[in-house]
Amino acid sequence: MLKIGYHVSSSGGFVSMAKQALDAKGNTFAFFTRNPRGGAAKTIDEGDVAAFHKIAAENGFYKLVAHSPYTLNPCSHDEHLREYARDTFADDLLRMEYVPNNYYNFHPGAHTGQGVDVGIEQISDMLNSVLKEEQTTTVLLETMAGKGSEVGSRFEELRAIIDKVELSSHVGVCLDTCHVWDGGYDIVNDLDGVLTHFDSVIGLDRLKAIHLNDSLNPLGAHKDRHAKIGEGHIGFEAICRVINHPALKELPFILETPNDEAGYAREIAMLKAAYKE
Ligand code: FE
Ligand code: FE
Ligand code: ZN
């Protein structure tokens, strides 16, 4: 069965998020753990969480893919921003334990002129200070488009981060199709080659989730502008090969396409129809 969902609005809590996912016929979803632009997180409503667990069990939800706020930059040149990223990340990991055994995806960061090696060092330092042996959440490094000074647009950079993390069994990767395309990996004409390369550099066992997006820009553009499925430079056929690839087809696919709820429901139906069991 295709595991698919979209990035729902988190403002109404967990039950509301589950309902949005179910309305679009999804069986997983992504959500921001707090306001994507930063700020304090809402207190967790335990009743809401308990009701959510019931809905998730009844409907056979697959693992959720939470997303950290965009404002976290673990490798900013500004020490205060690095501290803010670390404290927020640690707090989010505590909150994630209310919904155990899921994923927490984050953008590795932008080195803001410090250079990619310093960036890799600071990102792994943060992970070493926040990851705990007993946590049930797997944190996912997202593959990035390579916009500005973003770290993580090359598989080798993600590998280097993972290599420096002590509790690396708690670390995986989320592949964003728009981002890798924008980063120069040709998933349209050579999906097999890209995945073979991913496997040799990082290991496909680390790949835990896919952000399924089309791209407004051509291969290697380093722009990061998402398009609706089939309406960008990746195209519907290539996206169908992604969801049906033997190395990927059991992973959760999360839509981050520019859509309203009806649009997500349409894309989910379209992808389910294209999925070969
Ligand atoms: Fe993201
Ligand atoms: Fe993404
Ligand atoms: Zn993006």
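Predicted model: local features only at pLDDT ≥ 70, side-chain atom pairs only at ≥ 80, totals over all residues.

Reader: Let us start with the metals. Which residues coordinate the iron ion (ligand 1)?
Author: Three residues coordinate the iron ion (ligand 1): His-67 and His-107, each through NE2, and Glu-142 through OE. The distances are 2.1 to 2.3 Å. Along the sequence, these donor residues have the spacing H-x39-H-x34-E.

Reader: And how far apart are the iron ion (ligand 1) and the iron ion (ligand 2)?
Author: The two iron ions are 3.2 Å apart, and Glu-142 coordinates both. His-67 belongs to strand 3 (residues 65–67) and Glu-142 to strand 5 (residues 138–142), and this pair links distant parts of the chain, 75 residues apart.

Reader: Are His-67 and Glu-142 buried or exposed?
Author: Both His-67 and Glu-142 are buried.

Reader: What are the protein donors of the zinc ion (ligand 3)?
Author: The zinc ion (ligand 3) has His-179 (NE2), Asp-224 (OD) and His-226 (NE2) as its protein donors, at 2.0 to 2.2 Å. Their spacing along the chain is H-x44-D-x1-H. The zinc ion (ligand 3) and the iron ion (ligand 1) are separated by 5.3 Å.

Reader: Where do His-179 and His-226 lie?
Author: His-179 is in helix 6 (residues 177–182), whereas His-226 is in strand 9 (residues 226–227), so the pair ties together parts that are 47 residues apart in sequence.

Reader: Why is His-179 called buried?
Author: His-179 has a relative accessible area of 2%, and buried means under 20%.

Reader: Now for the helices. What is used to describe two packed helices?
Author: Two packed helices are described by the angle between their axes and the distance between the axes. For helix 1 and helix 2 (residues 46–58), the angle is about 30° and the axes are 8 Å apart. That makes helix 1 roughly parallel to helix 2, because angles under 35 degrees count as roughly parallel.

Reader: Which residues meet there, in helix 1 and helix 2?
Author: From helix 1, Phe-14, Val-15, Ala-18 and Leu-22 meet Asp-48, Val-49, Ala-51, Phe-52 and Ile-55 from helix 2. This contact has 8 nonpolar residues, no polar ones and 1 charged residue.

Reader: At what angle do the axes of helix 3 and helix 4 cross?
Author: The axes of helix 3 and helix 4 (residues 116–130) cross at roughly 40° and come within 10 Å. Helix 3 is therefore oblique to helix 4. Their crossing is right-handed.

Reader: Which residues of helix 3 and helix 4 meet?
Author: Helix 3 contributes Arg-82, Ala-85, Arg-86, Phe-89, Ala-90 and Leu-93, which meet Gln-122, Met-126, Leu-127, Ser-129 and Val-130 of helix 4. By class, the residues of this contact are 7 nonpolar, 2 polar and 2 charged.

Reader: One last topic, the loops. What is the phi of Lys-25?
Author: Lys-25 has a phi near 65°, which is positive in a residue other than glycine. Most residues other than glycine have a negative phi. Lys-25 sits in the loop between helix 1 (14–23) and strand 2 (30–32), and is exposed, with a relative accessible area of 56%.

Reader: And what about the phi of Asn-101?
Author: Asn-101 is not a glycine, yet its phi is positive, at about 65°. The loop that holds Asn-101 runs between helix 3 (79–96) and strand 4 (103–106). Asn-101 is partly exposed, with a relative accessible area of 44%.

Methods:
Residues numbered from 1 in each chain as written. Chains lettered and ligands numbered in written order. Heavy atoms only, no water. Helix = DSSP H or I, 4+ residues; strand = E, 2+ residues; numbered from the N terminus. Buried < 20%, exposed > 50% of the residue type's maximum accessible area, 1.4 Å probe, protein only. Axes fitted to C-alpha atoms, helices over the stretch in contact; angles between N-to-C directions. Parallel < 35°, antiparallel > 145°, perpendicular 65-115°, else oblique. Left-handed = near helix turned anticlockwise from the far one by under 90°. Contact = heavy atoms within 4.5 Å. Nonpolar A, V, L, I, M, F, W, Y, C, P; charged D, E, K, R; others polar. Donors = N, O, S within 2.8 Å, 3.2 Å for Na, K, Ca; no water.
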